[in-house]
Amino acid sequence: MVLSTGVVLSTGTITITEERVVPLRSSEDVVRLRQVVREQAVALKFSLVDQTKVVTAASELARNTVIYGKGGDAHVSLLLNGGKHGLRLRFVDQGPGIADVELAMKDGYTSGGGLGLGLGGAKRLSDDIKIVTGPAGTSISITKWKPF
Amino acid sequence: MERIPILRMGRLLLVTIQVDMHDQLALALQDDLTNRIVRDRANGVLIDISALDVVDSFIGRMISNIAAMARVLDARTVVVGMRPAVAITLVELGLELPGVRTALNVERGMALLQSENE
Ligand SMILES: Nc1ncnc2c1ncn2[C@@H]1O[C@H](COP(=O)(O)OP(=O)(O)OP(=O)(O)O)[C@@H](O)[C@H]1O
Ligand SMILES: [Mg+2]
């Protein structure tokens, strides 16, 4: 796990104040990521429901990274926008990519043996989701802000 | 591999999940419970998830599978102790647990199973 504090990156008005990288290769790594995300959500004083939502979304996307992306990393970043705090989770893999993103986002669509709820669920459980995918890999990031 | 313990009380099987389960551990529990229903001639399964602070689609699917397999083997399943934040999150995730009954706590879950199996 790489840990860096201080201002790592500043884009527009959103500042990343801390970023951790958690490797995702196995289902034990998914458990570890859930713990890291929980810790960060607690540190940001997210409500219990929001903690649970963001940890659950992280778990779904991390499992996809391990299974479909053939492993990768999660980047866990703390965000500051004005006085607003947030959490950004970015999942990066060098897997085969998602052929049809629109279809993959649909509840119930799975190319494996899943329920097809992971991507749609992660979208509903966070404030926004961004997917960049191609034959060289996939990057999915979600953001959750703490309400004022 | 580590395993989640399964206790027997009469014809009921009790499982208290106390750790954040990785996927293989959840699958092992599913297998173990199915085997134990047959071996112990159980007619009820009670799963206490009060210690779980997150239930994602994988754990949810495991719970549904256990309930479905138990039903085929003529046993009922009750899940007890789901935390409110977990319940709210499951709804938003879109996960329904068809055929899975829930109860507030172990006591009520046991009463529910016993009344049905009388
Ligand atoms: N990182 C990824 N790389 C390649 N394909 C992916 C990736 N993530 C998701 N997919 C594709 O999108 C589909 C939908 O993903 P989603 O998480 O919604 O459902 P699932 O993983 O199949 O089932 P569930 O998450 O409910 O167990 C997957 O079946 C897979 O085909
Ligand atoms: Mg998934």
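Q: How far apart are the mean positions of the positive and negative charges of chain B?
A: In this predicted model, the mean positions of the 12 positive and 15 negative charges of chain B lie 9 Å apart.

Q: And what is chain B built from, in terms of helices and strands?
A: Chain B contains 4 helices and 5 strands, and along the sequence these elements come in the pattern β-β-α-β-α-β-α-β-α.

Q: Why would one call the radius of gyration of chain B in agreement with a compact globule?
A: A compact globule of 118 residues would have a radius of gyration near 13 Å, and chain B has 13 Å, so the two agree. The C-alpha atoms of chain B fill a box of roughly 35 × 35 × 25 Å along the principal axes.

Q: How much of the contact count in chain B comes from residues 24 or more positions apart?
A: Such pairs account for 74% of the contacts in chain B that have a separation of 6 or more.

Q: Switching to chain A, how long is helix 1?
A: Helix 1 of chain A covers residues 27-43, which is 17 residues, and reaches 25 Å from its first C-alpha to its last, close to the 24 Å expected at 1.5 Å a residue. Just after this helix, A:Lys45 takes a positive phi of about 60°.

Q: What do the buried residues of that helix pack against?
A: Within chain A, they pack against strand 2 (14-24), helix 2 (48-67), strand 3 (72-81) and strand 4 (84-93), and they also pack against helix 1 (23-39) of chain B. The buried residues of helix 1 of chain A include A:Ser27, A:Asp29 and A:Val31.

Q: Is B:His22 buried or exposed, and what does it contact?
A: B:His22, in the loop between strand 2 (12-16) and helix 1 of chain B, has a relative accessible area of 7%, which is under the 20% cut-off, so it counts as buried. Leaving aside neighbours within four places in sequence, B:His22 is in contact with A:Ser27, A:Glu28, A:Val31 and B:Glu2.

Q: Where does A:Pro23 sit, and what does it touch?
A: A:Pro23 is found in strand 2 of chain A and is partly exposed, with a relative accessible area of 34%. Not counting residues up to four places away in sequence, A:Pro23 touches A:Asp29, A:Gly72 and A:Asp73.

Q: How far is A:Pro23 from A:Val66?
A: A:Pro23 and A:Val66 are 43 residues apart in sequence and 9.7 Å apart in space, C-alpha to C-alpha.

Note on methods
Residues are numbered from 1 along each chain as its sequence is written. Chains are lettered from A and ligands numbered from 1 in the order in which they are written. This is a predicted model: local features need pLDDT of at least 70, side-chain atom pairs count only at pLDDT 80 or more; totals for chains, interfaces and linings use all residues. Side-chain values use heavy atoms; hydrogens and water are left out. Helices (H or I, at least four residues) and strands (E, at least two) are DSSP runs, numbered from the N terminus. The radius of gyration is taken over C-alpha atoms; the globule rule is 2.2 Å times the number of residues to the power 0.38. Contact means heavy atoms within 4.5 Å. Lys and Arg count as positive and Asp and Glu as negative; His and the chain ends are not counted. The place of a charge is taken as NZ of Lys, CZ of Arg, CG of Asp or CD of Glu. The expected span of a helix is 1.5 Å times one less than its number of residues. Buried means under 20% relative accessible area, exposed over 50%, partly exposed in between (1.4 Å probe, protein chains only).
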